[in-house]
2 protein chains.
Amino acid sequence: MMNILVVEDEPGIHKFLKQGLEEEGYAVDVADDGHQGLALATGKSYHIMLLDWMLPGMSGLEICKQLRERHIDTPIIFLTAKDTIQETIEGLQAGANDYIKKPFSFEELLERIRVQLRNVKVSTESIIIENIKIDLNAHQVFKDEVEIHLTQKEFELLVFLIRNQGKVCTRKDIIEQVWDIHFDYDTGVIDVFVNGIRKKLDLDKETGFLQTIRGIGYLVR
Amino acid sequence: MMNILVVEDEPGIHKFLKQGLEEEGYAVDVADDGHQGLALATGKSYHIMLLDWMLPGMSGLEICKQLRERHIDTPIIFLTAKDTIQETIEGLQAGANDYIKKPFSFEELLERIRVQLRNVKVSTESIIIENIKIDLNAHQVFKDEVEIHLTQKEFELLVFLIRNQGKVCTRKDIIEQVWDIHFDYDTGVIDVFVNGIRKKLDLDKETGFLQTIRGIGYLVR
DNA sequence: TTTGTATGATGAATATTTTAGTAGTAGAAG
DNA sequence: CTTCTACTACTAAAATATTCATCATACAAA
């Protein structure tokens, strides 16, 4: 199930959106001031966020910028009365994915939400790569339909690498993003865990999809 | 270096878009009827496409649907006078990524194009020169679609030289930028690595794009 | 205890640099 | 025009350095 964060202070729209979106089957969280919005956005994982611009506490624009700075790439749609071209551009430059002016058609909003979800859908729910299936919700990994138990860190590492499919992840990237260590990149942990994953999933060092890029890091093909 | 396909029949808008986008540094192809548009869209690879809805031959909506059916996932922005909510939804459902109603602001269009390009950019960082393709994300090099393994330093050197395409890189430049050595420019390393690259990529000393400039350094044509 | 996570040591594989011999080039002198 | 000389580049192979996989083990949390 897809979950949506709505940050909106006007009680009328607030209620209308929550009800309308829930009827469509989305799980909706609502925040009615900027700080609460940012806190929810950073603390929990959403599939998409709808932001008003003018909010008590902190503006939607500011929330958007801060999220992008922290590399939280959840799609953001602005939903605002600020309707000039200049403001639209500013909102999009801040990192938003779409910008809808009030008053808006709920049907169009729904469709624009779906457009954004099309892009992320692939990377939520579950990922399949070769004979490996990864269920991101259940935190389960299957190899040829047989469940393979990965530990927490092994799972996180695998997901991180697969999410960056096609990009080389440097050791620094990995240690920062997966272990959240921002100094001393020089432990052998990564090697050990990669090794563990390869062993459990029976991935060949040479031919498997999880490749070593010597001197740099690792890459999922 | 992004290229855009514009499918639009009205000569005025047609010209205006081509010129405006080219001024922004995009490579623009224009088609003025539906069939030609589809042919270009399927035959060549674009980073983004702008489609009018009403077109002679085949509608933009139809083009969009056909492309999605063939799993061509290039971002599509509709740019059309069809301005009802119902039509907007129909356009987005057909697989478009954004829908802009005429008359539109060129500045806003530019920004919305950038939004779409943000998504693809990551996977598009590659350089092609003759029959050699260099994927900067995956750190991979292909010659005639076959992967050639270069070591870290070989890769760095090649990228450095290619990034300075057309400019002669002196030995000093190279040793400073690629090796980060700021004294003792007189080792034979560069020669050795150039030699290695030429060998692996099968570049002829005389005719290949990686040329020796005697007494100075090297040059990529 | 059991399970998950991190560290350190080892050796093998691979990358980088140095060295040295060969070959090619340009300018000067015969 | 040829030959000599000094210089520069090319190449292979040897020497050195780095990186990774693996194992054993230690520590921490459940």
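Trainee: Which helices and strands of chains A and B each supply at least two residues of the surface near DNA strand D?

Mentor: In this predicted model, the elements that each supply at least two residues of that surface are α8 (189-201) and β11 (210-213) of chain A, together with α8 (189-201) and β11 (210-213) of chain B.

Trainee: Which of the 24 residues around DNA strand D come nearest?

Mentor: Those that come nearest are A:N195, A:R198, B:R198, B:K199 and B:Y218.

Trainee: Turning to the fold, how should I read the order of the strands in the open sheet of chain B?

Mentor: One reads across the sheet from strand to strand, and here the 5 strands come in the order β2-β1-β3-β4-β5, with parallel pairing. Because β2 (27-31) and β5 (98-101) of chain B stand at the edges with a single partner strand each, one side of each is left without a neighbour in the sheet. From one strand to the next, the twist averages 20°.

Trainee: How many bridges join β3 and β4 of chain B, and what packs on the sheet?

Mentor: Strand β3 (residues 48-51) and strand β4 (residues 76-80) of chain B run parallel and are joined by 3 bridges; one of the pairs is B:M49 with its bridge partner B:I76 in β4(B). Helix α3 (residues 60-69) of chain B packs on the sheet, touching β1 (3-7), β3 and β4, and its direction makes about 170° with that of β4(B). Helix α4 (residues 85-93) of chain B also packs on the sheet, where it touches β4 and β5 and its direction makes about 150° with that of β5(B).

Trainee: How does the pairing of β7 and β8 in chain B run, and what joins β8(B) to β9?

Mentor: Strand β7 (residues 132-135) and strand β8 (residues 140-143) of chain B pair in the antiparallel sense over 4 bridges, with B:Q140 in β8(B) as the bridge partner of B:D135. Their hairpin has 4 residues between the strands, and B:H139 takes a positive phi near 55°. Strand β9 (residues 146-148) of chain B is in turn joined to β8(B) by 3 bridges, again antiparallel, and that hairpin has 2 residues between its strands, with B:D144 in the turn at a positive phi of about 50°.

Trainee: What should helix α6 of chain B span, and which of its residues are buried?

Mentor: The general idea is that an α-helix has 3.6 residues a turn, so residues three or four places apart point the same way. At 1.5 Å a residue, the 12 residues of α6 (residues 152-163) of chain B should span 16 Å, which agrees with end C-alpha atoms 16 Å apart. The buried residues of α6(B) are B:E154, B:F155, B:L157, B:L158, B:V159, B:F160, B:L161 and B:I162.

Conventions: Residues are numbered from 1 along each chain as its sequence is written. Chains are lettered from A and ligands numbered from 1 in the order in which they are written. This is a predicted model: local features need pLDDT of at least 70, side-chain atom pairs count only at pLDDT 80 or more; totals for chains, interfaces and linings use all residues. Side-chain values use heavy atoms; hydrogens and water are left out. The expected span of a helix is 1.5 Å times one less than its number of residues. Buried means under 20% relative accessible area, exposed over 50%, partly exposed in between (1.4 Å probe, protein chains only). Two strands pair if DSSP finds at least two bridges between them. Axes are lines fitted to C-alpha atoms, for helices over the stretch in contact, and angles run from 0 to 180 degrees between N-to-C directions. Contact means heavy atoms within 4.5 Å. A residue is near a molecule or strand if one of its heavy atoms lies within 4 Å of it.
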